[in-house]
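Me: I want to question the labels used for this structure. Let us take them one at a time.

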Amino acid sequence: MQNSVTEGHLYAREPIDPSGTDSLAVIARMITAGSTVLDVGCSTGELGRYLTNSKDCIVDGLDYNPVALSVAKAHYRSVALADLNQDRIDSLIGSQTYNYIVCADVLEHLLDPSNLLDQLKEHLTDSGQIIFSVPNVTYIGVVVELLFGKFNYRDDGILDRTHLHFFTKDSFTEFLIQHQLRVDSAVDIQLDLAYSEFSHYLLSDFSHKELKPLLDRPDALTYQFVLATTIADSESSNIPPSTIARHDPPRLEIGLSWKRSDDEAFRTSNRTVQPLSIGSEGERFRFDVGDATAKTILALDTANQPGYLSVLDISLWQNELLLWQHSYTGDRSLAEADPTLIDPRHDRGMRSSLASISTTRDDRIELPIPPSLLGTATALEVTISWYTLREYLLSLRDQIVRMEHQNSHLWTQVATSGESNKPTEASDLRRQLRRSEERLRYEILYNYLNIQQINATLVAREQSHAGEVSQLIDQLEQRELKHSQELAQLDALKVHLSERDQLLAELYASTSWRLSEPLRSLGARIPQPLRRLLSAFIHQNNPANRPDEDQPTRGDDTSVIKDVPIVDTKEDRVQQPIDRRVQDLYLPAFRSQEHVRRTKESNLACDFPIALMIDAIWPEPDRDAGSLLIMSQLDAVKRLGYQVIFSPTVDADGFTTYREALTQAEILCPTGELVENLEDFIANYGEILDLVILSRVTCGGYYYEKIREHAPRAKVVFSPVDLHGVREIRAGEVNADIKTVNKARALLERELYLTRNSEATMVVSDIEGHFLQRRVPGANIYTTPVLTHQDRPVPGFSERGHVIGFIGNFGHLPNIDAVEVLVREIWPTLSTYEPGLRLQIVGQSLPKTILDILPPGVEYLGHVENIELWLASIKATVAPLRFGAGAKGKIVTSLSAGVPCIATEIGVEGMGLVPNRDIVIAANVDDFVTGLLAIVNDQVNWERLSYSAVEKMRADYSPGVVLATWHEMLSSIGAPCELGGMSE
């Protein structure tokens, strides 16, 4: 059975249908709402998902498969990895008791089911129930297979190769009685043989008459037993005997397919089905054919099951009016078409019988219906007979026997006629006999060829399916192993991070850390040149860093990049050796960039400067402000004469549309294409770099030490985008989360370290620049706009809808907090004062917890491809940010489009915006409501704010500001740069 407790395989179960007939649906209906439940063998947790979400139950789960548990844990109060053959239940769940304990397809996998049963009883409440489901070994498929001398184990099903025990209903109830369990209710899960793993026996080896006695057995079509039990005393544990249940014959499907005359083949989408009984003679079906425009050819099939299909009658109807009818019996047509209703030209193609042996997926019987009639028909009725291949072959054998008897009778007549001297009569008899023999030989040959073809097709299909199943199993096992390894690595990393967080929390809470704050502040005031001299002196005098004189000197071909001396001038770079691997691999690509102006030094290996930028992901400028900042910086560096290389730290080898956009902009992206990863590129080709831009502390900032080791001549610029440490500290303080605050302090220390040791730092707001200058005196800090303003037409007040908006990428925590404040606190009051106002939220990945609480009048648009068009349709944006750092892209985007914005002080800090001229500032809910009403209802006020916002953005956020700032910064640190054709 499909249970992962002992099999180790992960089966993807469908969500539970509360009205379904499968075992999990039946079990779910047996459990009362609000109960506590232990799900033994929970697999991927579909039962727990349904009970938690639909019945408010508290559910715990046990399973042997760690991959399945990782999926299930989202729907359970707790889950535990359990080997039920060894682990004690007490060691997994303690002394917890439950209203229900579910063992769905578990006991048959265990070495000792009795041991588990005795343990589970101790964890039931006084009136609690244990619910079992077990497979039925007396199912008709198992019995039929035994009749053929087979007992084949499979990967799942009743004869699952991991099953150690097999049960009938009587044997299982006796087993429960032995353990003092009383059956309160029982449900049989039935499955027709045609839909089971034993279906090939039904259609190829049995006739209906042979199957009928087997179907009359008790529980013949019961695939599983589901029993709900309670602990009983010895006097009340008797179980009534099973009753014999009669079952209908197994059913298949008769399908009607349609296509146009010019279509090459039938499509699976153009097909409707009805249930079909095997062995029935003259079963009638009615199909709706109302959509006649799409149907010019109709065909019948039998759900791709091998067998013999015979059509006895066809008729077309328009509602209750008979349009056309044709009937068949055997090989002779009994009724001709009504000449007043059918075009005689189509009648010529009608065959005298309709019958077919189906052996493959594409076997169908095309119905000889005039297409002209389908235009007015609403229904098709057919009368058919369907037989298994065995029944068909038996009927052929009976025909051959009858023909042999006829031949024998004819020979007797020939002998008699010869004795009576009647030559004419004898000649006729001989002629009749020859025809009969020829027909017999033809029938035998035809049937033999049919049987050979059927057998070959069935064998080929079985071999093909076996190969496909084996291949799929191998793929699933490999994928499962890979996922298990990844989960183990993630768990180890999670433990490591948790331990590190604990250490950081203890460090920042310690007395020594607080007492050492003055010393660390004093150390930050040491000038950078002196700091580097002290660092070099300590490094040289450290015995661990001194070379071992006994070690042989490496040859030139194996020299490492860290041995190359640090240089700062162009003249020194002329003498810098270049690794031969770089010349062979990358220089041809560099030299092909003819747009880059070459410098005059002809002996340079690379005669133009090269810059590397490292960030989190491939820039997505249509989705977030951080990516727009990255693109503006890449463009500025490129305009200053650099060949730019870009690499992300996540999905560096992914070939996305965003990566393709960089390539089209002549920015090189080597990772995943020319080199395997970023680490390899830095280690092998770092010596050719003149400039390295480390974007964000946790992304580019992670590689600072590697850059210093392998790119000794490169100037390093740290671009934090926003100060992550400051932002996270504010988030922790807002949510009173001391762990978050302590982790953020460590992040801020890393940002200060990178600021202190980089040649320059580029921030996006003045307030961040001032903060870093106070913490790292003497640091080389520059400020550049987070976004650049582009002049565009600004529609007037009357051309816009009565709509306000919120912009944000919800992968960013401050945006999630802000939109929640907007929806829960600001909007209810605002919509009361202005009922006709609407709020639209733009941005990807809005959490479901917020989607579920969106009130009337609030619409989530998701990611908007053309945000300028959307901004032109609204009157204002709102940014109720409670924490964060740096300039806010959402505000720059809104003001650049001439859309007034109302925000908190923390949302506009460091952006140089004048309150009530460039932007509206709000401190609480009432301020937001009052400010928004004044914007959306006062045209004069709106036009004043819109005009001031655009002028401010044009003055301080133009693309020229970015270019000038980068030129000034690169010149100050001695990095090569060109502006206006002047070589610096």
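Me: What makes strand S1 (residues 36-40) and strand S4 (residues 98-104) a pair?

Reply: Two strands pair if DSSP finds at least two bridges between them. S1 and S4 have four bridges, in the parallel sense, so they count as paired. Val37 stands opposite Tyr100 in S4. Strands here are DSSP E runs of at least two residues; helices are H or I runs of at least four, and both are numbered from the N terminus.

Me: What is the model's origin, and which cut-offs apply?

Reply: The model is predicted: local features need pLDDT of at least 70, side-chain atom pairs count only at pLDDT 80 or more, and totals for chains, interfaces and linings use all residues. Residues are numbered from 1 along each chain as its sequence is written, and side-chain values use heavy atoms, with hydrogens and water left out.

Me: Which strands are called edge strands, and why?

Reply: The open sheet has seven strands, ordered S3-S2-S1-S4-S5-S7-S6, with mixed pairing. Strand S3 (78-81) and strand S6 (181-190) are the edges: each pairs on one side only. The twist averages 15° from one strand to the next.

Me: How do you know that helix H6 (residues 113-121) packs on the sheet?

Reply: By contact, meaning heavy atoms within 4.5 Å. H6 touches S1, S4, strand S5 (124-135), S6 and strand S7 (222-231). The direction of H6 makes about 155° with that of S5. Angles run from 0 to 180 degrees between N-to-C directions, with axes fitted to C-alpha atoms, for helices over the stretch in contact.

Me: What does helix H8 (residues 169-178) touch?

Reply: S5, S6 and S7. The direction of H8 makes about 15° with that of S7.
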